[in-house]
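Dear colleague,

Please find below the sequence and structure that I am handing over to you. My findings follow directly after.

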Amino acid sequence: MEKEGIKIDKKYLKSLEDDFQNELTVLENKIFKESGENFNLNSPKQLGEILFNKLKLVSNPKKTKTGQFSTSEEILSALAKDHQIISNILEWRSLDKLLSTYVKALPNEINSNTGRIHTKFNQAVASTGRLSSNNPNLQNIPIRTENGQKIRKAFTPRDKDFILMCADYSQIELRIIASLSGDVNMIDAFNKGEDIHTSTASRIFNVPHNEVTREQRSNAKTVNFGIIYGISAFGLSQQTNLNRKESKILIDNYYENYPTLKEYMSKQIDFARENGYVETLMGRRRYLTNINSQNGMIRSADERNAINAPIQGSAADIIKIAMKNIFNIFNEKQFKSKMILQVHDELVFDVHLSELDKIKKVVKNSMENAVALDIPLKVDIGTGKNWLEAH
DNA sequence: GTAATCACG
DNA sequence: ACGTACGTGATTACA
């Protein structure tokens with residue numbers, strides 16, 4: 001994958017650079033006018049001074065651990081409703097991030113021999129066994145916002161005879177925790193092919209499947225993610241519109257509905273206390289040296305890791321097995337198509353058009369059957385003339 | 001070199 | 001009472 005690299009559309013990025021730059025200038029002028037002075041918008045320190053000392057937007061502003069005013073997205077978003085300047089700052093921030101980290105930086109990474117970008121995939125960095133990517137990081141290319149999606153479009157097939165293909169695991173971490181725990185309620189939902197978040201919502205809010213509201217599904221989704229992270233009532237309340245008490249009730253409901261999952265989580269923590277490590281499906285260990293710490297906060301962090309590491313790590317094991325099998329088949333069959341990126345639960349391929357049907361089958365089959373769990377693994381595949389379309 | 005922020009799964 | 005979600009990397013400011 002490092003050697004193959006991925007092609008980007010340099011001209012397109014250049015025009016995007018101009019668009020973003022123009023928009024930033026407009027926002028900048030508005031912000032400075034509203035502030036009554038020019039300053040470095042990229043300095044959280046200067047920005048904090050303006051917002052909270054000069055304009056006095058709130059009476060008791062939150063500070064970071066070094067005593068500086070916090071101007072994080074989380075803090076500013078809460079103020080956006082009442083102050084136009086805030087929404088302009090947030091917009092400027094996100095646009096400037098995209099411009100400096102991606103639009104301007106990526107073209108400089110093109111290798112002059114291949115005309116493509118060659119990242120590094122590190123195999124011994126992440127403590128859970130995931131890969132990481134750097135120089136440049138191609139595992140955090142934007143996708144969530146509209147402007148971010150414009151950047152994804154810059155990633156293309158290597159030439160006119162190729163097409164990009166993405167294959168991603170659907171809900172792999174929840175499927176893993178369902179399988180490892182053996183919780184029949186969650187296993188059932190996956191086996192029936194149900195939308196897992198709707199299914200969870202139906203259970204924890206005690207309403208029929210077809211009466212689950214958007215908000216209920218959204219909250220259930222957050223709880224499902226929280227479970228993977230080693231949930232706390234506080235953490236959940238931060239991520240939802242629920243307060244701490246409501247969050248606790250929801251978590252208790254969750255455990256009542258998935259009792260075997262709860263049991264599994266307790267057993268993982270007990271195992272870690274006893275042995276000082278936890279392990280993944282394939283036996284990769286994560287040592288947890290603070291699992292018996294007297295300091296509650298430090299101990300809790302290791303307890304969350306005792307839950308999370310086997311899940312995140314097993315997902316990493318599984319996709320690595322799939323990658324190895326795919327690589328071997330590609331070699332045997334002497335395909336012209338190449339595997340070019342891995343993004344944790346997703347593989348990206350530069351596919352020769354003549355091979356598309358075969359490649360689709362090989363990849364889907366290899367990923368879905370990398371290991372046998374108590375639940376089927378599901379893989380979604382897409383193709384397109386750029387990375388956004390293929391997704 | 002560290003802190004703050006924010007991009008992704 | 002206290003402080004908290006898991007895993008990464010890049011950019012920028014600033015001491």
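Which elements cover the buried residues of α14? In this predicted model, the cover includes β6 (162-170), α13 (296-332), β10 (346-352) and β11 (378-384). The residues of α14 that are buried are Ile359, Val363, Ser366 and Met367. Viewed down the helix axis, they fall within an arc of 95°, so they line one face of α14. Asp357 and Lys361 are exposed and sit on the face turned away from that buried side. Helix α14 comprises 13 residues (356-368), which at 1.5 Å a residue should span 18 Å; the end C-alpha atoms are 18 Å apart, in agreement with this.

Buried in α9 are Asn219, Ala220, Thr222, Val223, Asn224, Gly226 and Ile227. These buried residues pack against α6 (172-181), α8 (196-204), α10 (233-239) and α11 (244-257). After α9 comes Gly230, which has a positive phi, near 80°.

Finally, I turn to the DNA. By class, the surface near DNA strand B consists of 10 polar, seven charged and five nonpolar residues. Helix α4 (residues 84-103) provides the largest share of this surface, with three residues.

With kind regards

Key: Residues are numbered from 1 along each chain as its sequence is written. Chains are lettered from A and ligands numbered from 1 in the order in which they are written. This is a predicted model: local features need pLDDT of at least 70, side-chain atom pairs count only at pLDDT 80 or more; totals for chains, interfaces and linings use all residues. A residue is buried if 20 or more other C-beta atoms lie within 10 Å of its own, exposed if 12 or fewer, and partly exposed in between; C-beta atoms are placed from the backbone. Helices (H or I, at least four residues) and strands (E, at least two) are DSSP runs, numbered from the N terminus. Two residues are in contact if their C-beta atoms, placed from the backbone, lie within 7 Å. Ala, Val, Leu, Ile, Met, Phe, Trp, Tyr, Cys and Pro count as nonpolar, Asp, Glu, Lys and Arg as charged, and the others, Gly among them, as polar. The expected span of a helix is 1.5 Å times one less than its number of residues. The arc is that of the directions from the helix axis to the C-beta atoms.
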